[in-house]
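This report describes a protein chain from its atoms. Please look over the sequence and the structure before reading on.

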Amino acid sequence: RKSVTTMTVCMGIDYGHRFELNYKAAIVAGQEKFANIFYDEWRYLDSKYVGEFRIKNLKVGEETVAGWKGQLPDGEKVEMGTRNTIYKRTVYHDPNVLKGSTLNDIILEESGENEYLIETMDASRDCLMRGSVQYGSMWIYGTGGDMSKGSKGFKEVFGAVAVKRHLL
């Protein structure tokens, strides 16, 4: 299957989780099933690597953290690894699901199904910033849904982008 989701899983989330330091990403959807589909694609991809390339992960609530439980020479038990994190969040009726987070990537999965797309984008923009500089990316796609609900926000986002490009 070749899709934007698969491309983002492979070229975005997996690469960042595997090779960058201090990498943090969030998968956000209006409905839990869509966040789970994206996450499951990433887990499937990770399971296909040969053992030497697989990343050990700790499951911490809804987060997947790159690392493992180890022991220091003095016997103290600690969590080791890069601590790169993938968050999985569902908006439901709260667009502030990422509030207070600092992220490299935000994936707004199946945005056409998210009735609070615009509000979620607005509430999450600061998560990609350091001061006035944006260092992270927000990935918005997925056109399914009712045009008078979530798809309306999706249409508004891409309509604004098209107008801005036309004016440049």
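Which elements do the buried residues of α2 pack against? The partners are helix α1 and the strands β1 (24-29), β2 (57-60), β3 (63-66), β6 (85-90) and β7 (105-108). The model is a predicted one.

## The chain overall

The chain holds four helices and ten strands. Along the sequence, these elements follow the pattern α-β-α-β-β-β-β-β-β-α-β-β-β-α.

Of its 168 residues, 40% count as buried.

## Helix α2

Helix α2 has 16 residues, which at 1.5 Å a residue should span 22 Å.

The buried residues of α2 are Phe-34, Ala-35, Phe-38, Tyr-39, Glu-41, Trp-42 and Asp-46. These residues lie on the same side of α2, because they cover an arc of only 145 degrees around the axis. Their packing partners include α1, β1 and β7.

## Packing of α1 and α2

Two packed helices are described by the angle between their axes and the distance between the axes. Helix α1 covers residues 4-19 and helix α2 covers residues 32-47. The two pack at an angle of about 65 degrees, and their axes are 10 Å apart. The crossing of α1 and α2 is right-handed.

On the α1 side, the contact is made by Thr-5, Thr-6, Thr-8, Val-9, Cys-10, Ile-13, Asp-14, His-17 and Arg-18. On the α2 side, the residues are Phe-38, Glu-41, Trp-42, Leu-45 and Asp-46. The residues of this contact divide into six nonpolar, four polar and four charged. Phe-38, Glu-41, Trp-42 and Asp-46 of α2 take part in the contact with α1 and are among the buried residues of α2.

## Thr-85 in strand β6

Thr-85 is found in strand β6. Is this residue buried or exposed? Thr-85 counts as buried, because its relative accessibility is 5%, under the 20% cut-off.

Leaving aside residues up to four places away in sequence, Thr-85 touches His-17, Tyr-23, Lys-24, Ala-25, Glu-63, Thr-64 and Val-65. One of these, His-17, also belongs to the α1 side of the contact with α2. Thr-85 and Lys-59 are 26 residues apart along the chain, and their C-alpha atoms are separated by 9.8 Å.

## Loop residues

Most residues other than glycine have a negative phi, and most peptide bonds are trans. Asn-22 is not a glycine, yet has a positive phi of about 60 degrees. Asn-22 sits in the loop between α1 and β1. With a relative accessible area of 60%, Asn-22 is exposed. Arg-83 is not a glycine either, and has a positive phi of about 65 degrees. The place of Arg-83 is the loop between β5 (77-80) and β6. Its relative accessibility is 32%, so Arg-83 counts as partly exposed.

Glu-110 lies in the loop between β7 and α3 (117-124). This residue is partly exposed, at 23% relative accessibility. How many residues apart along the chain are Glu-110 and Tyr-141? They are 31 residues apart, and their C-alpha atoms are separated by 6.0 Å.

Note on methods:
Residues are numbered from 1 along each chain as its sequence is written. This is a predicted model: local features need pLDDT of at least 70, side-chain atom pairs count only at pLDDT 80 or more; totals for chains, interfaces and linings use all residues. Side-chain values use heavy atoms; hydrogens and water are left out. Axes are lines fitted to C-alpha atoms, for helices over the stretch in contact, and angles run from 0 to 180 degrees between N-to-C directions. A crossing is left-handed if the near helix is turned anticlockwise from the far one by less than a right angle, and right-handed if clockwise. Contact means heavy atoms within 4.5 Å. Ala, Val, Leu, Ile, Met, Phe, Trp, Tyr, Cys and Pro count as nonpolar, Asp, Glu, Lys and Arg as charged, and the others, Gly among them, as polar. The expected span of a helix is 1.5 Å times one less than its number of residues. Buried means under 20% relative accessible area, exposed over 50%, partly exposed in between (1.4 Å probe, protein chains only). The arc is that of the directions from the helix axis to the C-beta atoms.
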